[in-house]
Amino acid sequence: MPTLTLERSFSADIDTVFAFVTQTEHLLKWWGPEGMTVPEHQLSFTDRGPWVSVMQNAEGQRYKVSGHVTHVEAPHSVGFTWAWHDENDKRGVESHVTIKLVPSQSGGTLFTLTHADLPDGDTAVNHEQGWTSSLRKLETLANA
């Protein structure tokens, strides 16, 4: 099962970055690839429990993904399961996402996202593109 790891360095301190990656009002500013909106959601990673989001592109296509927050260790780590839904709203293969934050010597934050248990290489490539696009939005927020 392929694993994807993406690392970023943000100028914002660890508490600020943790808020960006866990709190609904901040998540909605960067969640989903560029050009996507999130019109429907139960999206918070502040506590263990279920989450769901529906991303929508400019053409109106909708993509539902859901999971369960498995751990929250403020302000250092959050983990959650991830599975896309099909057109009949059936959940697909479940994978696992972990976001780890470490303070940097400059006062900023080192960010590592690991998306594990992806079903195949093509899926890993697609997720890498999606996360990379989403993280560009987060970089704008966390480096402001």
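Leaving aside its neighbours within four places in sequence, which residues is Val-52 in contact with? In this predicted model, where residues are numbered from 1 along each chain as its sequence is written, local features need pLDDT of at least 70, side-chain atom pairs count only at pLDDT 80 or more, and totals for chains, interfaces and linings use all residues. Side-chain values use heavy atoms, with hydrogens and water left out.

Contact means heavy atoms within 4.5 Å, and on that basis Val-52 touches His-41, Gln-42, Leu-43, Lys-64, Val-65 and Ser-66, once neighbours within four places in sequence are set aside. Val-52 belongs to strand 3, residues 49-56, a strand being a DSSP run (E, at least two residues) and a helix another (H or I, at least four), each numbered from the N terminus.

A nonpolar core is a set of buried (under 20% relative accessible area, 1.4 Å probe, protein chains only) Ala, Val, Leu, Ile, Met, Phe, Trp, Tyr and Cys residues joined through side-chain atoms within 4.5 Å. The largest one has 34 residues, and Phe-111 is among those with the most contacts inside it, along with Trp-31, Phe-80 and Trp-131. Leaving aside neighbours within four places in sequence, the contacts of Phe-111 include Leu-6, Phe-10, Ile-99 and Leu-138.

Technical notes:
Buried means under 20% relative accessible area, exposed over 50%, partly exposed in between (1.4 Å probe, protein chains only).
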